[in-house]
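Subject: Structure handover

Hello,

Here is the structure we talked about handing over. Please open it alongside this message; my notes follow below.

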Amino acid sequence: MEFLLLGPVELRVAGRSVDLGSVKQRMVLAVLLVDAGRWVAAETLIDRVWGEDPPAQVRTSLYAHIARNRRALAGTAGPVDGTADSGATGPQLRRGPGGYLLDVPPDRVDLYRFRSLVAQVRDTVLTDVARVAMLREALGLWRGEPLAGLSGDWAARTREGLRQQRIDAVMAWADAELRVGGHAEVISALTGLVAEHPLVEPLAVALMRAFQVAGRGPEALACYTVLQKRLALELGADPGAEAQQVHQAIVRGEPAPPAARSTPPPAGAEPRQTFPAQLPLAARGFTGREGELAQLDGILATAAERPAAVVVSAVSGTAGVGKTALAVHWAHRVADRFPGGQLYVNLRGFDPSGVAVTPDQAVRGFLDALGVPGERVPADLEARVGLYRSLLAGRRILVVLDNAGDAEQVRPLLPGTAGCLAVVTSRNRLAGLVAAEGAHPIALDLLSPAEARDLLAHRLGAHRVAAEPVAVEEIITRCARLPLALAIAAARAATRPAVPLATLAGELRAADGGLEAFTGDDPMTDVRTVFSWSHHALSSGAARLFALLGLHPGPDFSAPAAASLTGLTLHQVRPLLAELTRAHLISEHAPGRYTLHDLLRAYAAEQAHTLDADTEQHPAVHRMLDHYLHTAHAADHLLDPHRAPITPHPPHPGANPEQTSHPAQATAWFTVEHPVLLAAVRQAADAGLDAHAWQLAWALTTYLHRCGRWHELLTTQRTALHAARRLPDESGQAHAHYGLALAYRALGRPDDAHTHLDQALELFRRVADPVGQAFTRIKITWVLAEHDRYEETGDHLKQALELFRAAGHQVGQAKVLNNFGWYQAVCGDRQALTYCEQALDLFKACGDLEGEACAWDTYGYAHHRLGDFRQAMSCYHHALELLRGLGSRLDEAEVLAHLAESHHAAGETDAARDTWQHALTILDDLDHPDAEKIRTKLRHRDQHLP
């Protein structure tokens with residue numbers, strides 16, 4: 001079995017070619033083969049195979065090609081060497097969290113056999129005869145243009161890199177071949193290659209030497225003349241020193257000087273190369289980042305096991321997160337693994353001057369570091385890059401490309417042959433390097449709390465940090481765990497050793513989340529200035545979006561919310577979010593959800609204040625709050641379509657509320673967005689948008705109550721009440737009092753609940769809201785029942801029933817009938833069953849699942865009170881099935897408690913205990929006061945067990 005890449009892509013088994021299907025299928029296989037033994041992400045496969053404009057159903061196509069390749073490979077399963085007892089298995093195309101991995105023995109891929117042979121020649125002491133034999137074998141693996149028949153940017157870049165590897169191998173072979181007298185073979189091989197690559201000077205020099213050794217001086221001189229003219233015409237340069245020396249020797253009839261060996265010189269030979277050591281000083285007190293350092297170590301280990309043209313690690317992250325510190329620290333740690341030296345350049349991709357280092361300038365600096373005389377440096381960038389890569393060939397050099405602006409700034413600086421490794425840092429993600437060059441992405445996040453504490457300990461001393469743990473925690477929080485901010489705070493503390501850290505924490509607290517505490521004279525350590533470099537590099541649309549995000553209450557946001565904030569469509573805002581994500585000014589912490597750390601949020605808020613208040617700030621806040629209000633209002637209607645309604649004002653132009661189509665989707669939306677909605681209620685109230693404040697609080701009520709978030713319900717309803725009073729809006733006040741009553745009752749404060757229900761009832765009367773009055777009367781009966789004042793409930797229920805009937809509100813009528821059933825059951829009256837059956841029928845007719853669950857619970861309670869425990873259990877199970885689908889945990893706990901009572905009454909002690917325990921678990925999770933009642937029951941049962 002053989003996989004062939006050094007020519008048309010082929011799979012051969014027993015010498016026969018296996019059909020690999022379409023070009024795209026062969027392309028997918030080629031991408032996996034080039035990275036054989038390494039996981040390749042699906043996104044990387046798509047980028048490499050389909051480029052920047054993939055079709056709409058690209059993932060479906062990818063999966064189809066993967067499946068076809070897997071079937072093709074399945075035909076090769078079994079012994080890989082054709083013997084019956086080899087024990088080896090065929091290639092495996094695996095799928096996992098990291099994407100896809102093609103596990104195939106390297107010696108079965110022509111590319112890896114070629115690289116292995118060349119590496120042996122480079123790294124092993126051999127005779128020239130052995131060198132010639134091994135390099136001939138390596139070059140014999142080439143069958144023409146590599147990856148022939150495949151198109152696209154990735155194929156072109158990979159093909160160019162492979163061509164360079166072949167040229168390097170040819171040079172090493174020609175050098176050894178001439179020393180063993182094989183000048184005729186060299187002339188035959190190099191004549192065509194020189195014509196194919198007329199600007200690759202070492203090839204021309206090797207051909208001149210071969211002509212001279214063969215006694216064909218005129219042809220050697222003609223070769224030099226052609227080289228000289230080509231260099232002058234296309235690069236504006238003269239031939240290098242070695243070419244000129246060989247030319248002069250031929251003219252004088254003298255032997256040419258010894259060739260510069262393209263493979264390591266024999267032991268003891270005088271080195272001709274320079275060994276650059278350009279790494280900057282490592283950061284003092286570097287700490288943490290163990291995971292990222294392990295990733296870099298793993299990349300280096302992989303490079304050693306499977307030598308490739310170049311291994312690239314792209315370290316990205318937001319401004320001030322410590323990308324340079326990580327890269328430089330790791331580079332110093334592994335410098336001894338690169339005996340050829342270390343090259344470093346700050347590309348200034350986000351420099352405040354706006355003037356980045358060009359690839360031309362960077363390559364020129366590298367050539368200087370590699371000892372190339374000024375007169376020898378070509379004028380053209382392409383020629384400089386060619387010379388730079390030629391000098392790196394056969395050497396192990398670490399290249400650190402710091403602060404890159406984009407992939408195009410980096411590509412010319414990447415080495416072209418095995419043995420070298422490049423580490424690139426950037427505030428952008430450099431997805432192009434990942435897709436085209438196979439870079440290993442490492443996204444650098446904020447420090448963990450432990451890492452932040454270690455950083456302060458390294459800077460200030462472990463004793464000082466340990467002495468004030470509370471102050472240290474606050475400093476870490478105020479610095480948002482951003483290394484740059486922590487370093488600034490540590491420097492301030494270090495210069496004032498007698499000042500307690502609590503004082504520094506107080507100074508940061510006084511800044512109230514702003515950036516003033518992190519400013520200074522040095523722009524490199526001024527957080528606001530460092531952030532501004534990323535901000536200034538944005539497009540105008542992305543810069544506006546970033547500024548408007550300073551108006552968002554947080555803690556995170558969705559793409560639709562960003563669209564409403566900007567007044568753009570979702571289609572228009574997605575590229576802007578992608579730009580901010582690439583620049584690490586925001587991060588996509590969950591699919592479709594974005595956030596930014598506190599200091600970046602503070603910087604965004606500063607930018608928001610530079611926008612015009614009337615034309616940008618105020619309309620953006622209105623659109624955003626309209627987005628959340630109208631989405632929440634519609635989602636709440638799905639959760640409880642029969643509650644007393646409100647009608648918000650229509651949304652402002654540009655606001656695009658999200659659509660939810662069923663209760664489960666509405667619950668999921670509330671679950672994700674409820675922290676944002678809580679913050680939006682506060683923001684609306686603080687901004688004087690009181691209608692938004694109380695209506696948002698109203699829209700949150702059902703969700704918060706079902707999930708047992710009663711303290712949050714209490715807080716939002718208090719805010720709503722104050723907002724409604726400021727308007728003044730009596731309907732809003734009535735709804736807020738009603739919501740407060742729900743919270744107080746759930747928190748075990750029935751007297752407070754009754755007070756607010758009385759106020760709600762009076763306000764609903766004033767605004768002539770019969771449905772609001774009726775629901776309030778039902779809740780009053782609940783509070784009365786908790787004080788065993790059942791005789792007072794009848795009048796409230798009768799009035800509620802009249803109000804619901806007058807309003808044509810069938811679900812309300814069903815609720816009243818259900819409550820009548822409950823109170824009749826308390827009295828042991830069989831009439832309770834009739835009320836429950838009527839309520840059930842009405843709830844089912846209206847499609848009210850929550851009401852139906854409550855009716856089943858009441859029905860079960862009525863059967864229990866009448867001594868029919870088995871029927872009661874059946875009713876309770878019906879209720880539980882519905883409630884679990886609704887996510888109403890408190891109601892579920894109450895029904896479980898009722899079910900446990902029936903089990904206990906039926907003599908089923910173990911079932912009763914298990915069911916009470918289940919109810920207790922839920923009530924403990926909800927921190928509900930009824931948990932103690934259940935716990936008491938369990939203790940009592942344990943005491944009376946035999």
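Start with Gln695, which lies in helix H29 (residues 690–707). Bear in mind throughout that this is a predicted model. Gln695 has a relative accessible area of 8%, so it is buried. Beyond its neighbours within four places in sequence, Gln695 contacts Leu629, Ile646 and Pro648.

Helix H29 packs against helix H27 (residues 613–639). The two axes are 9 Å apart, at an angle of about 35°. The crossing of H27 and H29 is left-handed. From H27, the contact takes in His622, Leu625, Asp626, Tyr628, Leu629, Ala632, His633, Asp636 and Leu639. From H29 come His692, Gln695, Leu696, Trp698, Ala699, Thr702, Tyr703 and Arg706. Gln695 and Leu629 are therefore both part of this helix contact, as well as touching each other. Sorted by class, the contact of H27 with H29 holds 9 nonpolar, 5 polar and 3 charged residues.

Helix H19 (residues 469–478) and helix H21 (residues 501–510) have axes that come within 9 Å. They cross at roughly 30°. H19 is therefore roughly parallel to H21, the cut-off for that label being under 35 degrees. This crossing, of H19 and H21, is left-handed. H19 contributes Ala471, Val472, Glu474, Ile475 and Arg478 to the contact. H21 contributes Leu501, Ala502, Leu504, Ala505, Leu508 and Arg509. The contact of H19 with H21 has 8 nonpolar and 3 charged residues, and no polar ones.

Now the sheet. Three strands form an open sheet, ordered E11-E13-E12, with antiparallel pairing. Which strands stand at the edges? Strand E11 (557–558) and strand E12 (587–590) do. Each has a single partner strand, so one side of each is left without a neighbour in the sheet.

E12 pairs with strand E13 (residues 593–595) in the antiparallel sense, over 2 bridges. In E13, Thr595 is the bridge partner of Ser587. The hairpin of E12 and E13 has 2 residues between the strands. In that hairpin, Gly592 takes a positive phi near 80°.

Glu673 sits in helix H28 (residues 663–686). Is Glu673 buried or exposed? Its relative accessibility is 1%, so Glu673 counts as buried. Setting aside residues up to four places away in sequence, Glu673 touches Ser558, Arg593, Tyr628 and Glu658. Tyr628 belongs to the H27 side of the contact with H29.

Last, Asn818. Asn818 is in helix H35 (residues 810–826). With a relative accessible area of 8%, Asn818 is buried. Which residues does Asn818 contact, leaving aside its neighbours within four places in sequence? They are Ala839, Phe843, Cys854, Ala855 and Thr858. Trp856 lies 38 residues from Asn818 along the chain. The C-alpha atoms of Asn818 and Trp856 are separated by 9.2 Å.

Over to you.

Best wishes

How values were computed: Residues numbered from 1 in each chain as written. Predicted model: local features only at pLDDT ≥ 70, side-chain atom pairs only at ≥ 80, totals over all residues. Heavy atoms only, no water. Pairing = 2+ DSSP bridges. Helix = DSSP H or I, 4+ residues; strand = E, 2+ residues; numbered from the N terminus. Axes fitted to C-alpha atoms, helices over the stretch in contact; angles between N-to-C directions. Parallel < 35°, antiparallel > 145°, perpendicular 65-115°, else oblique. Left-handed = near helix turned anticlockwise from the far one by under 90°. Contact = heavy atoms within 4.5 Å. Nonpolar A, V, L, I, M, F, W, Y, C, P; charged D, E, K, R; others polar. Buried < 20%, exposed > 50% of the residue type's maximum accessible area, 1.4 Å probe, protein only.
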